[in-house]
Structures are given as structure tokens and as C-alpha cells.
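Open the model in your viewer and keep the selection tool ready. We will go from stop to stop, and each stop says what to pick and what is there.

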Amino acid sequence: MINNAVIIDAVRTPQAHNGGPLAPFTSAELLAPLLERLYQACPQPELLRDVVIGHAFGRVGLGRDALQLAGVPVEVPAMSVERGRASGLSAIDYAADKLVSVNTPGYMIAGGVESGSQADAPVDPAMADAAHALAEEFRITREQRRTYAERSRTRAAASADKGLFDQEIVPVGGVSTDDLSWEDADPSVIDDGAAAVLMIDGGSQRRLRRPGLRVTASATFGCDPARVGWGIVPAIEKVLYATRLKLEQFDAIEFDEAFASNVLVACSALRLDPEQICRQGGAIALGHPWGASGAVLMARLFDQLVRRGQGRFGLAAVSAGSGQGIAMVVERC
């Protein structure tokens with residue numbers, strides 16, 4: 001792990017529900033303020049190798065469009081990855097691997113974005129059906145789902161009141177706070193938002209003595225699309241095996257709360273206390289911008305573990321609608 005990629009900065013936009021204050025902005029316009037912020041924060045911008053952006057919807061060349069809007073030099077390249085709502089975390093995973101595989105110092109920016117308001121893509125009812133089927137299989141009751149969802153909203157509201165999101169948010173068009181209005185108990189919609197991280201190779205991070213999150217392990221796993229939400233369970237099991245860590249050793253765990261039932265099913269299968277998940281509130285309250293969702297989780301982990309020094313190990317996990325899951329373990333260093 002000595003040369004593993006290290007995340008040295010992570011930011012996100014406010015998150016807003018479809019038709020809300022971020023609806024007028026394209027995906028490139030949502031992403032551009034983050035790229036500008038991370039490019040300016042890069043200690044050696046001339047060593048920025050690539051920008052990797054995940055999105056479920058959007059035009060080809062979205063990352064390059066955003067770089068141009070951000071005022072980043074035209075020499076900086078960009079590419080896109082797509083793994084449904086796991087796209088943002090997959091982009092970070094790809095960038096981390098690339099930093100390790102090339103034996104020269106350098107930086108990468110990676111993340112995800114989605115303009116749900118402009119994508120005009122309806123939620124696939126099969127996803128809700130799959131979540132319901134998993135809930136029945138694991139005997140997750142409607143009341144349990146409602147209780148979890150309400151806890152997520154309560155936690156997010158308390159975190160916002162305490163200013164716990166302030167340092168990770170980069171305003172967009174004058175919008176600087178999350179839209180926390182939500183009523184459904186078990187939502188899954190496409191929201192508006194973006195998140196991105198700045199990464200460096202391990203050797204350079206040690207020389208700079210820059211605090212960050214080392215990417216210690218990641219895993220992706222495919223499952224039956226009729227069991228959407230299950231994919232994170234084997235993915236998490238794989239990263240736990242790779243790191244020899246136990247779930248009780250993690251100080252912060254962030255799951256994508258596309259459905260409360262999927263979170264509770266994963267907790268049941270992994271014998272994990274749901275109280276440990278998204279302790280400052282999750283997507284049920286903050287929103288669910290598909291391509292950005294996994295990158296949002298990493299921005300949340302960075303804020304808790306690095307900026308606030310609230311522990312050592314973090315775990316992020318996202319399932320994708322096509323029947324996939326991705327999990328990533330990070331360690332404060």
C-alpha cells in the first residue's frame with residue numbers, strides 16, 4: 001500500500017431535488033466550480049495527468065466541457081466512465097489505479113456529476129420492485145424502512161444546523177446549501193449535484209506531508225439485476241477480506257441510500273448495526289444524483305476523517321441499477 005493513491009482534497013456541490021434551485025444548470029456547469037477549486041488546490045498543477053468523471057446521463061465530452069468552463073488549461077485531458085449510480089466511485093477507483101500503475105509522480109481529479117432535472121430520465125420501476133423483493137426476503141418491514149429514513153433526515157438536518165457540511169460544499173450559482181426537503185420514506189430519484197476529489201501518488205504525498213485518505217482497497221461485483229442493492233454486500237466482503245479489517249473497526253461508513261430497504265438488507269446480511277451508516281445523514285435527506293452519488297460519499301468521508309479528524313478507517317459502498325456493487329476502503333494518513 002506504500003504507493004497507493006491518496007485523496008488530498010474532496011468537495012461537492014450542494015444537492016438539490018429535481019426542479020429545484022440547481023435545475024437550470026447543465027452537468028458541465030455543475031461540475032466546473034469543483035474542477036476550478038481542485039485545480040487551484042493542486043500543489044503542482046503541471047503534473048495533473050487526467051480528469052475522470054462518472055455520469056449516468058450526459059453528452060460525450062462532458063468532462064472537457066466542464067474543464068473549459070473552469071478555466072483549466074486546454075492541455076489537461078478528461079474522460080468519462082459509466083456504471084449507473086456507481087459511476088462516481090468507479091471514476092475514483094479508476095483514477096486511483098492509474099496513479100499506482102504509472103511509476104511517476106502526478107495528480108488526478110476524479111468524481112461524478114448528474115443533472116437529474118435535465119436528464120429527463122424516469123426511475124425504472126424495476127429498481128423499486130427489486131428493493132421491495134429484497135426487503136421481503138430479509139423481512140425488512142415498512143416501519144423499519146420508515147424509521148431509518150426519518151433518522152437519515154433528522155441527522156442531516158442536525159448536521160446542516162451545526163455547519164458540518166459547510167467545508168465540503170462549493171457553491172453553484174449562488175446556491176450554497178443542500179435541499180433537505182423530503183417526504184417519501186424510501187426514495188430513489190435522480191437529483192442534481194456533483195462531487196470530485198484531488199488525488200496524488202503515495203510517494204509524493206509522503207514528501208509533501210499532506211494529510212489525506214489512502215485508497216487501501218476496492219472491489220466491484222456483479223449480481224442479478226433483479227436483486228439491485230445486493231451488489232454492495234459481496235463487494236464489501238471482498239474489501240474486508242483484502243484488508244483483513246472488520247466492520248467494527250471503521251470510524252465512518254457511507255452507503256448510498258437510494259432505498260432505505262437496500263441499506264437495511266445490507267446491514268442484515270453483513271451483521272452491521274444500521275446506526276453506523278451515514279451518521280451525519282445520507283441520500284434519503286440530501287438527494288441522490290446518480291452519477292455523482294459515489295463521489296459524494298467520498299467527499300463525506302474526507303470531511304469526517306481528514307478535515308475533522310474523526311477516526312482512521314472509512315468505507316464507501318454503492319450499488320448500481322444494472323446489478324453491480326462497488327466498495328472502497330480508505331485510511332486517514
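Select D50 first, then M108 in β4, its bridge partner. This is a predicted model, where local features need pLDDT of at least 70, side-chain atom pairs count only at pLDDT 80 or more, and totals for chains, interfaces and linings use all residues. Residues are numbered from 1 along each chain as its sequence is written, and side-chain values use heavy atoms, with hydrogens and water left out.

**Strand β2**

Now select residues 48-54, strand β2. Strands (E, at least two residues) and helices (H or I, at least four) are DSSP runs, numbered from the N terminus. Is β2 buried or exposed? Seven of its seven residues are buried, so β2 is largely enclosed by the rest of the structure. Buried means under 20% relative accessible area, with a 1.4 Å probe and protein chains only.

Strands count as paired if DSSP finds at least two bridges between them. Look for V51, which stands opposite A78 in β3.

**The whole sheet**

Select every strand. Nine strands form an open sheet in the order β3-β2-β4-β5-β1-β6-β9-β8-β7, with mixed pairing. Which strands stand at the edges? They are β3 (78-81) and β7 (252-255), each with a single partner strand, so one side of each is left without a neighbour in the sheet.

For an antiparallel pair, pick β1 (residues 6-12) and β5 (residues 192-200), joined over six bridges. Find I7; its bridge partner in β5 is M199.

**Two helices**

Finish with α5 (residues 125-137) and α9 (residues 260-270). Their axes come within 9 Å and cross at roughly 40°. Axes are lines fitted to C-alpha atoms, for helices over the stretch in contact, and angles run from 0 to 180 degrees between N-to-C directions. Contact means heavy atoms within 4.5 Å. Select A131, L134 and A135 of α5, then S261, N262 and V265 of α9: these residues make the contact.

Conventions:
Buried < 20%, exposed > 50% of the residue type's maximum accessible area, 1.4 Å probe, protein only.
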